[in-house]
Amino acid sequence: MSSAPKETKPEKKEEKKLSQGNWLPLESNPEVLTQFASRVGLPKDFEFVDMYGVDETSASWVPQPAAAVVLLFSSTKEIASFKANERKTIESQGQDLSKNLFYITQHDDIGNACGTIATIHAMANSTDLFKPEGVVGDFVKKWTGKDPSDIGYGLLEAKDIQEVSEEAAESKVAQTATPDRQESVAAHFIAFVKVDNTLYEMDGRKAFPINHGKTSQKSFLVDAGKVIQENFFKVSPKGSFSLMALVKKASS
């Protein structure tokens, strides 16, 4: 296997001027994510829907084809410890990463943008089903092939994406009050995607994507569910979790 990519260290680029920051958090609500994604380039025949479990029966209720899974989880010590050990293992043993992945580093200065980044990860890495249009499509074209840290700084300056994200965060379809932009949110969004028939975990706060092995369009939801069960639910049984899938609309 190839060696693991070098760790991304955003602190080395702090001298860059950050024109944007402190993004508002998106609610874990498929209507909110669909509203945001549709306005920034998600094709009209795709939407986010709730997932009610990670077992095969729950996966069978989700419309097909599914492009991505988005997970919101509470930030717990158990998950932080598990992820630290997972990183050490990957850095020691290496992993194969597709050159077709589009990965964004979430810099500290961007605030609560993990929901936005997870949504972009889901859209940008679903090219076997669709290509993002609009401002996200333009963003992906501009930054494809660049260093993930640089892409993260590019997102900080993407005012057009930030404006739509914040409108979605404060929209009427949101079921909870929007936290203050300075408030620390103890939960985090990540995405699971299928690129080159491989399942990847995309977490912008981590040093690199995580290769979870082979998958297929047919088994993608079940395979992602198994990883979520083992690496999140079992690791932090008292944690809070919410699942959504990016799918083609049933009527399409």
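Visitor: Why is K206 called partly exposed?
Guide: In this predicted model, K206 has a relative accessible area of 30%. Buried means under 20% and exposed means over 50%. The value for K206 lies in between, so the residue is partly exposed.

Visitor: What makes the pair D203 and K206 a salt bridge?
Guide: The N to O distance between their side chains is 3.6 Å. The cut-off is 4 Å, from a side-chain nitrogen of Lys or Arg to a carboxyl oxygen of Asp or Glu. The value is within the cut-off, so the pair counts as a salt bridge.

Visitor: Is D203 buried or exposed, and how do you know?
Guide: D203 has a relative accessible area of 3%. That is under 20%, so D203 is buried.

Visitor: What makes E230 and K234 a salt bridge?
Guide: Their closest N and O atoms are 2.8 Å apart. This is within 4 Å, so the pair qualifies. E230 itself counts as partly exposed because its relative accessibility, 42%, falls between the limits of 20% and 50%.

Visitor: How many salt bridges does the structure hold?
Guide: There are seven. One of them joins the side chains of R205 and D108, at 2.6 Å from N to O. R205 is in the loop between β4 and β5, while D108 is in the loop between α3 and α4, so the bridge ties together parts that are 97 residues apart in sequence.

Visitor: Where does UniProt place the feature "active site"?
Guide: The unreviewed UniProt entry places it at C114 and H188. These residues are spread over 75 residues of sequence, yet they cluster in space, with a largest C-alpha distance of 6.3 Å.

Visitor: Why is C114 called buried?
Guide: C114 has a relative accessibility of 9%, which is under 20%, so C114 counts as buried. The residue is in helix α4. Leaving out residues up to four places away in sequence, C114 touches Q106, A187, H188 and F189.

Visitor: Is H188 buried or exposed, and what makes it so?
Guide: H188 is at 10%, again under 20%, so H188 is buried. It lies in strand β3. Beyond its neighbours within four places in sequence, H188 has contacts that include Q106, C114, D203 and R205.

Visitor: Which residues of helix α5 are buried?
Guide: They are V136, G137, F139, V140 and W143. Seen down the axis of α5, they fall within an arc of 160°, so they line one face of the helix. The face turned away from that side carries the exposed residues K141 and K142. Just after α5, G145 takes a positive phi of about 90°.

Visitor: How many helices and strands does the protein have?
Guide: The protein has eight helices and six strands. Of its 252 residues, 52% are buried.

Conventions. Residues are numbered from 1 along each chain as its sequence is written. This is a predicted model: local features need pLDDT of at least 70, side-chain atom pairs count only at pLDDT 80 or more; totals for chains, interfaces and linings use all residues. Side-chain values use heavy atoms; hydrogens and water are left out. Helices (H or I, at least four residues) and strands (E, at least two) are DSSP runs, numbered from the N terminus. Buried means under 20% relative accessible area, exposed over 50%, partly exposed in between (1.4 Å probe, protein chains only). The arc is that of the directions from the helix axis to the C-beta atoms. UniProt positions are given in the numbering used here, feature names are shortened, and annotations may be inferred rather than shown by experiment. Contact means heavy atoms within 4.5 Å.
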